[in-house]
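User: I'd like to go through the labels on this model and ask what stands behind each one. Can you take me through them?

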Amino acid sequence: FRNCSFNRALCQFKMGRYQDAASSLTELLSHVPNHRKARFLRAECFEAIGDIVATRAEYTYILEHIDPNASTAHQHLIKLHLRDDQPLPDVPAAPWNRTIDEEHQKDVEKSWESCKQMTSELTDKLPRHVPPDKSDVTECWHCGRQDTK
């Protein structure tokens, strides 16, 4: 049951049927709530659908109930928060990552400045179409975060 349900959801996801895949995974998780791969795939489905709140909830569940060392979940949560310009989440810190504190926040901001600089250098060299009303907006090619010049 477990493998068949997961494989069906994976096929639905690959075919772009994200809502169907999320429903199949929800059914699977009602029987096996700590199925790690199903949680990750359901988070990806929610992100593809545009339900960022549910996406965050899935990654947080993985960190709190399944594997506090799941670096992929940590990375996705941080990416989601940076993309939405929100403060970094309070999630269990993985051993490879120090506690998210003011010093870490400064490192993230420094990384963002570096991304802005690289984006600026690239956009100055490459031809691009920029609508007149958006000419003061820079989007980081690395993390997708937007900033005004």
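Analyst: Let's start with glutamate 58, which counts as buried at 5% relative accessibility. Keep in mind that this is a predicted model, where local features need pLDDT of at least 70, side-chain atom pairs count only at pLDDT 80 or more, and totals for chains, interfaces and linings use all residues. Residues are numbered from 1 along each chain as its sequence is written, and side-chain values use heavy atoms, with hydrogens and water left out.

User: Why is glutamate 58 called buried?

Analyst: Buried means under 20% relative accessible area, exposed means over 50%, and partly exposed is in between (1.4 Å probe, protein chains only). Glutamate 58 has 5%, so buried it is. Arginine 42 gets that label too, at 11%.

User: What makes glutamate 58 and arginine 42 a salt bridge?

Analyst: The term asks for a side-chain nitrogen of Lys or Arg within 4 Å of a carboxyl oxygen of Asp or Glu. Here the N to O distance is 2.4 Å, and the pair qualifies. It links distant parts of the chain, with glutamate 58 in helix H4 and arginine 42 in helix H3, 16 residues apart. Arg39 comes in as well: salt bridges that share partners join Arg39, Arg42 and Glu58 into one network.

User: How many salt bridges are there in the whole structure?

Analyst: A search finds four. One of them pairs arginine 36 with aspartate 67, with the closest N and O atoms 2.6 Å apart. Arginine 36 lies in helix H3 and aspartate 67 in the loop between helices H4 and H5, so this pair ties together parts 31 residues apart in sequence.

User: Is aspartate 67 buried or exposed?

Analyst: Buried, since its relative accessible area is 18%.

Terms used. Helices (H or I, at least four residues) and strands (E, at least two) are DSSP runs, numbered from the N terminus.
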